[in-house]
Amino acid sequence: MQKIEGLMPAVVQDYYSGRVLMLAYVNQESYDYMLKNGETCFWSRSRNELWHKGETSGNTQAIKSMAFDCDSDTLLIQVEQRGAGACHTGTYSCFGDEDAGEFNVINSVYAQVKDRKANPKEKSYTNYLLGEGTDKICKKIGEEAAETIIAAKNNDTESLTGEISDLAYHLLVLMFTQGVTPECIRAKLSERHNTQGNLKIKNEKGVF
């Protein structure tokens, strides 16, 4: 097992999007905690104590893999970010939310649907769908799915792109009404396509 002398910088990266989330520091104690529990844990230099990320906020990070760099003096931790985001300010990344990963637009549309429910707007199509309920939403999904098929059969790339976007929007509305989040879908896709796997710890000797 890798031994850590003093404090080592750790770069935390979103496993799915590759977005850098934060920089923190680990020591042997926090490293051992992560190996045992599968969630990020760092050493807080300001409080001089272990810091289990998300313990109070709920924005935890499930570890997918950890790897030391070529000199074994920096740790890369790939995680599944849970909750609102990695930063204490509420953003997805401590480096800002610009270009916040490949799934950001999905999260943004889902968040807008959620906001329309909490803060309805006059003439909002989303509010119309939410008011009509599941049957109407499912009917629209059926219509958009059929139009997607037609565009594909016609080899019309531009039309197909639009129809898939419409279908995705209506699916997001349905997901919200049924309590299914984008994170649920990412996790299920990862599970079904074997991209999660077991926790992998790598060093110069390979994988533990």
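Residues are classed here as buried when their relative accessible area is under 20%, as exposed when it is over 50%, and as partly exposed in between, with a 1.4 Å probe and protein chains only. The model is a predicted one, in which local features need pLDDT of at least 70 and side-chain atom pairs count only at pLDDT 80 or more, whereas totals for chains, interfaces and linings use all residues. Residues are numbered from 1 along each chain as its sequence is written, and side-chain values use heavy atoms, with hydrogens and water left out.

With a salt bridge taken as a side-chain nitrogen of Lys or Arg within 4 Å of a carboxyl oxygen of Asp or Glu, the count comes to six. Lys64 pairs with Glu80, the closest N and O atoms being 3.9 Å apart; this pair links distant parts of the chain, since Lys64 lies in strand β5 (residues 61-68) and Glu80 in strand β6, 16 residues apart, strands being DSSP runs of E of at least two residues and helices runs of H or I of at least four, numbered from the N terminus. Both Lys64 and Glu80 are buried.

A salt bridge also joins the side chains of Glu39 and Arg82 (3.5 Å, N to O). Glu39 is located in the loop between α1 (28-37) and β3 (41-44) and Arg82 in the loop between β6 (75-81) and α2 (104-118), so the pair ties together parts that are 43 residues apart in sequence. Glu39 is buried, at a relative accessible area of 19%, whereas Arg82, at 32%, is partly exposed. Glu39, Lys64, Glu80 and Arg82 are linked in a network of salt bridges.
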